[in-house]
Protein chains: 2
Amino acid sequence: MRLSQFHLSTSKETPADAEVVSHQLMLRAGMIRKLAAGIYTWTPLGLRVLRKVETAVREEMQAAGAIEMLMPSVQPKELWEETGRWEKFGGQLLKIKDRKDAWYAYGPTHEEVVTDFARNELSSYRQLPLTVFQIQTKFRDEIRPRFGVMRAREFLMKDAYSFHLDAQDLDRQYHEIYRAYERIFTRLGLRFRAVFADTGAIGGSASHEFHVLADSGEDAIAWSDGSAYAANVELAEALAPAAPRPAPAEAMREVETPTQKTCEDVAALLDIPLARTVRTLALVGADGFVVALARGDHAVNTIKLAKVAGLAEYRMATEAEIAAHLGSEPGFLGPVGPKAAVRVVADRAVAAMADFVVGANRPGYHLTGVNWGRDLPEPDVVADLRNAEAGDPSPDGRGTLAIARGIEVGHVFQLGPKYAEAMGATVLDEQGKARVMHMGCYGIGVSRIVAAAIEQNSDAAGIVWPEPMAPWRVAVCVINPKNDPAVAEAAAALHAELSAAGVDSVLDDRGLRPGQMFADIELIGIPHRVVVSARGLEAGTFEYRSRTAAESEALDRDALLARLGIGAA
Amino acid sequence: MRLSQFHLSTSKETPADAEVVSHQLMLRAGMIRKLAAGIYTWTPLGLRVLRKVETAVREEMQAAGAIEMLMPSVQPKELWEETGRWEKFGGQLLKIKDRKDAWYAYGPTHEEVVTDFARNELSSYRQLPLTVFQIQTKFRDEIRPRFGVMRAREFLMKDAYSFHLDAQDLDRQYHEIYRAYERIFTRLGLRFRAVFADTGAIGGSASHEFHVLADSGEDAIAWSDGSAYAANVELAEALAPAAPRPAPAEAMREVETPTQKTCEDVAALLDIPLARTVRTLALVGADGFVVALARGDHAVNTIKLAKVAGLAEYRMATEAEIAAHLGSEPGFLGPVGPKAAVRVVADRAVAAMADFVVGANRPGYHLTGVNWGRDLPEPDVVADLRNAEAGDPSPDGRGTLAIARGIEVGHVFQLGPKYAEAMGATVLDEQGKARVMHMGCYGIGVSRIVAAAIEQNSDAAGIVWPEPMAPWRVAVCVINPKNDPAVAEAAAALHAELSAAGVDSVLDDRGLRPGQMFADIELIGIPHRVVVSARGLEAGTFEYRSRTAAESEALDRDALLARLGIGAA
């Protein structure tokens, strides 16, 4: 490709309404153009990157035994009513009425359509397992679309679905797809983590999210430096401290804390580490009033809290309820000497503390030197209530946790019989008995990967593509092509030679001034830049520069080709 | 690919609701499945064919200098209002209201979106010309979707748009794309015609339709056997007869035709050729009552009629108007001796007739031996009013016309400044003056081509794919694979060898009975079938059969490879 025959449209100005770096750089590089809120055109430059992602995804899915098909984007309401999702999916479902007043949705996902396909196509266990996938435009009517294609309304997705006779076979294919996902992100040159995910409300039996690591990511991920363990921070288990609870060393005493209502303020007043204090939460669960305790320096995790028996649908207690049970007001609460009997739920770390500091249930006072068993009964429940933190031991016993931020770009899920049950998708087994199929579903946000890759790989000059995602691997830049035919010819010859050797190369023959040309090539993130100039020709060298290097090097032809991974001819 | 790992789902029964052969065979072969009216899922088998078409289209468009991009399917109402098409496009435009009550359309075409892109991206003549294309899902809310994917509501289309400084450059690129289209349909192995089309209401300066020839086609095409001339029958010019008008030979006389109101009945009664009679149409145009004449055996062409001065918006005359002007009733009308002065418009063929037969303007009577100049004045207007017919001389003076039926699968159109004008898409020219861009648009119905190819290529056993469109070029069929490992192994080895040589091959290892297996392979239209059996292995031969041959041949390995176009290894 010659850039003079292409449509490149870059800009130096950072667009005012683009909040994240990937959105800014995709606009500046001219990869996307906004048509409406959350709806983007992919320019020729952007599409080149999108297609590279698409190809990697397609090939690795096929290698995992998945077969490509193409389902419609417009889906009839009746199917969505069978699973109850016409209502349950909520406002993200873009509903459409046709000229005959029939209702449809622009598919945000295809569980209903594919399950309908399966119940019509599959009748015997002999046809199983079957894994199908498609790469297709989806629409989710996000209430607040933003960050460019990172959270767009119209987007490109790979969705796959597998059908099985039983849970074991589903589990086998689930891991097959899991490995395909690892290959996809590895092949694209991205740093990523497969993160254990909560199957929560959907009720499947296993689920992992795939995150591209980037400081700007929305999700915090806890990962082990000694194993493949990774989980969303909110889901990562915080183990109980390895050391046993120390023996009491202090006597309990009441200290004045007139205006100190937080652990931080109390610790500052008493000049003790925050980790010596205990935070008290007053809650109301299914069985009434509960006090939950976490160490002052730990973040309470509401998902874990809700997993404690009786707290599935807990709420914060009102001031009246607090007064009735603890005889105090918020800011000075604690588990010692409550007005009425209350249930105490302690985080594992709190249960292992001695000589801790907690509210005195008396306005203006805290207690120091508090000890379990001596000053108050042992907790009713000891549970993991807090977020995992960097430095915690990995829950799998191997290594130490670190925290990274990530952008979710893939999700694998064992749905089990959920959709097949709702839609009556059965096959006859070997005994001729009808059995509900087990299903897996596997998504990848193809367009989102492009933005996530930029969040992970950019610098002040622009995008720094991993080679496999770059619109072109090599840019051959010509200095002064219009006035120097020999230079133009040498550059065209090099470009042709690279292309013939299978190197994805672009010839920048636009005739721009060098500074402007180089800025463009850096902004759009081409990994290898080769400059052809009259001076170089005379010296028999090309000026080579890697996108990640600070300096250029003068290389002769053979050295250049070797650097670009081509054996010298 | 092994068929045992694929999802093939064929049927012997012809679906009751499928009217045309392509729809029937696509359902029977299991290429598509209906989800809703005019909305189809492409199964893995169908998608393989669709992708082959897509690839051919993409590569030839790129060869014509077009650059691929991807515009959104969901388009804001505001853009469609700028061109007035939000209303004018009619019921086919699928309108969508999002959760914020903003209106959008599911794009049936992208003139508005691409013109908006162009006015934002292009500011200088230096950026022109630019031709972009996309291959994308479109939606047209057909009032009566039918014929499967032939006239579906959701369909796959390649749409391209070009932008130019002036009409000459548009014309140049128009012909470039025209040639790309010829390459596409040739490469796909289809018999087709590029048909001159009417630019009529849209007002562009040139337009051609590309038709795949098939007896079941909706459109009749007149094409020359002596040149590249082809046009829709309704648009093909019918030249004036080459021979001059003969001299009168008969006297005019009135004959009784009591119940004979049509040319056919009058010719039968008088025992004369239909070509001796003249059909009379009573019309009212801008200047009042008009009589139009065509030969009895010719089909009057209403498009041509409307091109006569004063008849642009003609209507048929009422019986009262006929009585007032001709003094007669329908069935016995003619141009001789009208009650009042009327304007006579004669087809070129009629103007060249002598001794013809026409209504007498007296109920129950016709006139024979009528002659221009003697029995009535020469016609006021002589024009081409009829459809071209097989055997007519080609309008370009080279060859004779034949009539074929065709299915429109492509359309190229010089839009000129129409959309750019409406949407203010200008660039600065060399003099720094703003100029409205000239545009071309170029569509190909990618999914429609699949159906059209089947309409052109099928037999009693099923689809007969042109090689470039077949889901696989070669099927290697194994007899009894489960009980005969040597046969299974030999077949797998042949399949691997073909695949390694770049031959798109499938291994039918499903273990079906031969009859059932062969019926499937014929139904899905694989061009080359190779059977591997124990008997063949013993004899050192494979049983080869072309999809179009009546008999199989026993070929040794080298002969087989040669037949499949691979040099013997």
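Contact here means heavy atoms within 4.5 Å, and the legends that follow describe a predicted model.

**View 1. The surface through which chain A and chain B meet.** In this predicted model, 54 residues of chain A are in contact with 54 residues of chain B. Because 100% of the interface residues of chain A are also interface residues in chain B, the copies meet through the same surface. Between them, chain A and chain B bury about 4300 Å², of which 61% lies on carbon and sulfur atoms.

**View 2. The rotation axis that relates chain A to chain B.** Chain A is superposed on chain B, with an RMSD of 0.1 Å, by a rotation of 180 degrees that carries 0.0 Å of shift along its axis. This is the relation of a two-fold axis. Of the residues of chain A, Ile96(A) comes closest to the rotation axis, its C-alpha lying at 2.8 Å.

**View 3. Salt bridges and polar contacts between chain A and chain B.** The count of salt bridges between the two chains is 6, and one of the salt bridges joins the side chains of Arg51(B) and Glu68(A), with an N to O distance of 2.9 Å. Across the interface of chain A and chain B, 25 residue pairs are found in polar contact, both residues of each pair being at pLDDT 80 or more.

**View 4. The side of chain A that touches chain B.** Helix α2 of chain A, residues 44-63, gives the most to this side, with 5 residues. By class, the side of chain A that touches chain B has 28 nonpolar, 11 polar and 15 charged residues.

Note on methods:
Residues are numbered from 1 along each chain as its sequence is written. Chains are lettered from A and ligands numbered from 1 in the order in which they are written. This is a predicted model: local features need pLDDT of at least 70, side-chain atom pairs count only at pLDDT 80 or more; totals for chains, interfaces and linings use all residues. Side-chain values use heavy atoms; hydrogens and water are left out. Copies are superposed by least squares on the C-alpha atoms of residues with pLDDT of at least 70 in both. Buried area is the accessible area (1.4 Å probe) that two parts lose on being put together, summed over both. A salt bridge is a side-chain nitrogen of Lys or Arg within 4 Å of a carboxyl oxygen of Asp or Glu. A polar contact is a pair of N or O atoms within 3.5 Å; within protein, one must be able to donate a hydrogen and the other to accept it, and residues adjacent in sequence count only if both atoms are side-chain atoms. Helices (H or I, at least four residues) and strands (E, at least two) are DSSP runs, numbered from the N terminus. Ala, Val, Leu, Ile, Met, Phe, Trp, Tyr, Cys and Pro count as nonpolar, Asp, Glu, Lys and Arg as charged, and the others, Gly among them, as polar.
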